[in-house]
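Here's a quick tour for anyone meeting this protein for the first time. Have a look at the sequence and the structure, and then we'll walk through the details together.

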Amino acid sequence: MDCAVFLQVLLTALLWKFTHSRRSDPYDAQESEYKTSYDAYSNLKEETHPPHPFHFGYDVLDEHGNKLQRQEQGDQHGNVKGSYGYVDAHGVYRQVDYVADHSGFRAVVQSNEPGVANEDPADVKLTAKSPPAHVLEQQYTKVEHAYAEPKLYLKTASKPIYRDVSY
């Protein structure tokens with residue numbers, strides 16, 4: 001073997017060994033980059049702002065005779081008190097009065113909607129009243145939007161055909 005070729009192979013082998021022995025983990029550089037940015041965020045403290053008193057509300061009557069309303073107010077301690085509700089053109093209504101404070105959320109619901117019963121789930125007091133008579137009559141006599149009786153469509157299936165397959 002020629003001396004120049006031998007030196008070239010030797011230098012290449014040494015150079016390869018030198019470059020690969022210095023780097024034990026290929027992700028070392030990336031880890032150090034991310035670690036510094038993570039440390040920068042870990043020192044941040046979450047800002048807390050004290051609650052500010054507020055008050056808002058609306059009262060709307062639409063073109064169909066439905067009335068919608070909502071009022072809410074909060075104080076400097078984070079307590080919230082409010083109400084919302086509606087009355088439709090047929091006289092069906094729902095009124096919800098609620099409080100949210102250090103004791104949790106509590107609501108009182110008054111309604112004459114069909115299907116509502118006097119039940120008190122969780123911290124909600126529900127008072128159900130009878131719907132207006134004309135609403136009940138309309139509910140039981142109105143069938144123009146009912147679905148037709150379902151039809152069963154069966155297709156006779158033929159017996160499967162088995163064939164001998166030889167490979």
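## Starting at arginine 106

Let's begin with one side chain: arginine 106 makes a polar contact, side chain to side chain, with aspartate 101 at 3.0 Å. The arginine 106 side chain also has a polar atom 3.3 Å from the backbone oxygen of glycine 104. Keep in mind as you look around that this is a predicted model.

Where does arginine 106 sit? You'll find arginine 106 in strand 5. Its relative accessible area is 30%, so arginine 106 counts as partly exposed. Lysine 81 is 25 residues away from arginine 106 in sequence, yet their C-alpha atoms are 9.7 Å apart in space.

## The whole chain

Now let's step back. The protein has three helices and six strands. Going along the sequence, they come in the pattern α-α-β-β-β-β-β-β-α.

What share of the 167 residues counts as buried? The figure is 12%. The accessible surface comes to about 15100 Å², and carbon and sulfur atoms account for 57% of that. As for contacts between residues at least 6 apart in sequence, 14% of them link residues at least 24 apart.

The six strands form an open sheet in the order 1-2-3-4-5-6, and the pairing is mixed. From one strand to the next, the twist averages 5°.

Follow the sheet from strand 1. Strand 1 runs antiparallel to strand 2 (residues 67–74), and eight bridges join the two. Valine 60, for instance, has leucine 68 in strand 2 as its bridge partner, while glycine 57 is opposite glutamine 71, also in strand 2. The hairpin of these two strands has five residues between them, and there glycine 65 takes a positive phi near 95°.

One of the pairs puts arginine 94 together with serine 111 of strand 5.

## The nonpolar core

Which residues make up the largest nonpolar core? There are six: Val80, Val96, Tyr98, Ala107, Val109 and Leu126. Strand 4 (93–101) and strand 5 (104–111) are the elements that give two or more residues to this core.

Take valine 109 as a core member to explore. Setting aside residues up to four places away in sequence, valine 109 touches Arg94, Gln95, Val96, Val124, Lys125, Leu126 and Thr127. Two of those names, Val96 and Leu126, belong to the core list as well.

Is serine 111 buried or exposed? Its relative accessibility is 1%, and because the cut-off for buried is under 20%, serine 111 counts as buried.

Beyond residues up to four places away in sequence, serine 111 touches Tyr93, Arg94, Val116, Thr127, Ala128 and Lys129.

Glutamate 113 lies in the loop between strand 5 and strand 6. Glutamate 113 is buried as well, since its relative accessible area is 13%. Which side chain does glutamate 113 meet in a polar contact of 2.5 Å? That's tyrosine 86. Leaving out neighbours within four places in sequence, glutamate 113 is in contact with Tyr86, Val92, Tyr93, Arg94 and Pro131. Tyr93 and Arg94 are also among the residues that serine 111 touches.

How values were computed
Residues are numbered from 1 along each chain as its sequence is written. This is a predicted model: local features need pLDDT of at least 70, side-chain atom pairs count only at pLDDT 80 or more; totals for chains, interfaces and linings use all residues. Side-chain values use heavy atoms; hydrogens and water are left out. A nonpolar core is a set of buried Ala, Val, Leu, Ile, Met, Phe, Trp, Tyr and Cys residues joined through side-chain atoms within 4.5 Å. Buried means under 20% relative accessible area, exposed over 50%, partly exposed in between (1.4 Å probe, protein chains only). Helices (H or I, at least four residues) and strands (E, at least two) are DSSP runs, numbered from the N terminus. Contact means heavy atoms within 4.5 Å. Two strands pair if DSSP finds at least two bridges between them. Axes are lines fitted to C-alpha atoms, for helices over the stretch in contact, and angles run from 0 to 180 degrees between N-to-C directions. Accessible areas come from the Shrake-Rupley method with a 1.4 Å probe; for residues, only the protein chains shown count as cover. A polar contact is a pair of N or O atoms within 3.5 Å; within protein, one must be able to donate a hydrogen and the other to accept it, and residues adjacent in sequence count only if both atoms are side-chain atoms.
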